[in-house]
Amino acid sequence: MTIASSSSQAGIIQRDSAWWQSAVGYQIYPASFADSNGDGIGDIPGIIAKLDHLADLGIGFIWLSPVYASPMVDNGYDISDYRAINPIFGTMADMDRLITEARARRIGIVMDLVVNHTSDQHPWFRAARADRGSPYRDYYIWRDQPPGKGTPADIEASFGGSAWSRDSKSGDWYFHLFAPQQPDLNWTNPALRAEVHAMMNWWLDKGVSGFRMDVIDLIGKQPENGIVADGPELHRYLREMHEATLAGRDAVTVGEAWSATPQNAPLYSAPDRHEVSMVFQFGHVTQFWDEKLGKWKPKPIDWPRLKSTFATWQGALHGTGWNSLFWGNHDLPRAVSRYGDEGKHRVASAKALATILHLMEGTPYIYQGEEIGMTNAGFTRIDQYRDVETLNFHRIQLAEGVDEAAFLAGARANSRDNARTPMQWSGAANAGFTQGTPWISVNANYPSLNVERDRADPDGVFQLYRRLIALRRDHAVIRHGDFRLLLPDHPALVAYQRRLGSETLLVIANMSRQAVNLPPSGISAIHGRDILTGRRVSMQPGGKFEPYETVAIWL
């Protein structure tokens, strides 16, 4: 999948030899994508049946959330066998066919690498808890006694409660940053690291195109020192991993790193460091969470602040690393519901969000359903949720005195289940996702919001995504041009320029439900043809942008 060409400007080497710099990724959450056998759970044959939809969209690779053997405590992110497929998703033969069929359409499969932790049903952990003398004991993190309250090692798990749980079989305490059924691996053990490397090579030899690395910034943890993320050995482990698995292969890697900052992100993705291709960072997400209640009490989006964050990251990695670009994923709310308008202006705001993201520098990711502007679940009762994090925090926060209505309002805005309702393929029963009973309820808006209907609309969301993906593939200025933020303090207009050599692209979007006027300073008169719609645009300062109106013009 190598794309042969290169260019340079101002001493910056542009790496078009990296195919993933002109490609767009698409995340599939398998349980919710397409069900082929009527059991209500999406599966690998269902994905294969929809590959032509993705090929027509123009994506370059699929990030496939876990399909490995798993008890499904955390919907597959608790893995009991890295080299087996969960029967609810299909067989290894199905997986091999997916790799082959996707590659025939010039689409790579990027596996979800979950190696911060395993399931407590993994043979390694079962051996570790059965025998203190087992070599697998040191694959995990154990203590004779839990750390005292207030000590550095007294760490809270991400899903709530203590990160230390007592194993009833051995009597000792083990460490888990997520659910108790997800014990953390001990990356200080070279034998464990060698096992992970061997597993990665096994998948690469099968033909996958790379890995999305789940919470990879946590593998260097030092609980005894209170260090969870970005530990002192993290980058050594990543360089060792690259050398043992990725060196010499034409693969893409993206590391999920909630702790990444503009200052340390180049350490991950600088080409001479040989760690990962890019990271997922979440500065644009977490800055709008409440200081105490976090995601369960989200703050309104402040566009000047959000624009500043984007500009900072564009500048920090230009010529020194590589950005990943995304609005949503399986852990985040639907982009239209969080950043746009899921009501009257749903289509226009979905298109505006797509344009803002895809015309920046970096590799864009589309989360399933984003290409038609799917919205949050709209659940009103706790029994509608399936997510372990949501259910845990509902119990914890109610015990702490949080009003249930307030918690449910936060869950409607930010629960992970908002992104996990079934893909809306048609207006048929269950949105065409399954002939059975879906494992989680289908969004009630599916009769009017579905792939079949949106694809038939020449001005729909899908057709704009196709255009944006083609523009990235065809224009080096979108892939590698520098970025200059315009109108940084405007409360509604998102505006920036991309420039490479003699090419300059101007992007402006009104991210509000009201019409706004182009201010008298900051941007001169706009004249040209909108590359997204083909319409002529002629506007002076004071000219009006309609709600969520977007233009992209060559200057």
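**Local packing and strand pairing in the predicted model**

Leaving aside neighbours within four places in sequence, Asp 74 is in contact with Phe 159, Gln 182, Val 388 and Arg 416. The structure described here is a predicted model, and within it Asp 74 is placed in the loop between strand S5 (68-69) and strand S6 (81-85). The relative accessibility of Asp 74 is 6%, and the residue therefore counts as buried, the cut-off for that class being under 20% relative accessible area.

When residues up to four places away in sequence are not counted, Val 196 touches Val 115 and Trp 187. Between Val 196 and Gly 46 there are 150 residues of separation in sequence, and the C-alpha to C-alpha distance in space is 29 Å.

Two packed helices are described by the angle between their axes and the distance between the axes. For helix H5 (residues 190-206) and helix H6 (residues 234-246), the axes come within 9 Å and cross at roughly 40°; H5 is therefore oblique to H6. The crossing of these two helices, H5 and H6, is right-handed. On the H5 side the contact is made by Arg 193, His 197, Met 200, Asn 201 and Leu 204, while H6 contributes Arg 236, Tyr 237, Glu 240, Met 241, Ala 244, Thr 245 and Leu 246. Classified by residue type, the contact of H5 with H6 comprises six nonpolar, three polar and three charged residues.

Strand S15 (residues 363-367) was examined next. Five of the five residues of S15 are buried, so this strand is largely enclosed by the rest of the structure. In a regular strand the side chains alternate between the two faces of the sheet. In S15, Thr 363, Tyr 365 and Tyr 367 point one way, whereas Pro 364 and Ile 366 point the other way, and all are buried. Strand S3 (residues 25-28) pairs with S15 in the parallel sense over three bridges, with Gly 25 standing opposite Tyr 365 of S15. Strand S14 (residues 324-325) likewise runs parallel to S15 and is joined to it by two bridges; here Ser 324 has Thr 363 of S15 as its bridge partner.

Antiparallel pairing is found in an open sheet of three strands, whose order is S8-S10-S9. Strand S8 (142-143) and strand S9 (164-166) stand at the edges, and because each has a single partner strand, one side of each is left without a neighbour in the sheet. The pairing of S9 with strand S10 (residues 173-175) is antiparallel and involves three bridges, and Trp 164 stands opposite Phe 175 in S10.

A further open sheet is formed by four strands in the order S16-S17-S18-S23, again with antiparallel pairing. Its edge strands are strand S16 (482-486) and strand S23 (550-554), each of which pairs on one side only, and the twist averages 15° from one strand to the next. Within this sheet, strand S17 (residues 493-500) and strand S18 (residues 503-510) run antiparallel and are joined by eight bridges, with Val 507 in S18 as the bridge partner of Tyr 496. Helix H9 (residues 303-317) packs on the sheet, where it touches S16 and S17, and the direction of H9 makes about 160° with that of S16.

Most residues other than glycine have a negative phi, and most peptide bonds are trans. Val 215, although it is not a glycine, has a positive phi of about 30°; this residue is placed in the loop between strand S11 (210-213) and H6, and Val 215 is buried, with a relative accessible area of 6%. Tyr 548, which is not a glycine either, has a positive phi of about 60° and is placed in the loop between strand S22 (544-545) and S23. The relative accessible area of Tyr 548 is 5%, and this residue is buried.

Technical notes. Residues numbered from 1 in each chain as written. Predicted model: local features only at pLDDT ≥ 70, side-chain atom pairs only at ≥ 80, totals over all residues. Heavy atoms only, no water. Axes fitted to C-alpha atoms, helices over the stretch in contact; angles between N-to-C directions. Parallel < 35°, antiparallel > 145°, perpendicular 65-115°, else oblique. Left-handed = near helix turned anticlockwise from the far one by under 90°. Contact = heavy atoms within 4.5 Å. Nonpolar A, V, L, I, M, F, W, Y, C, P; charged D, E, K, R; others polar. Buried < 20%, exposed > 50% of the residue type's maximum accessible area, 1.4 Å probe, protein only. Pairing = 2+ DSSP bridges.
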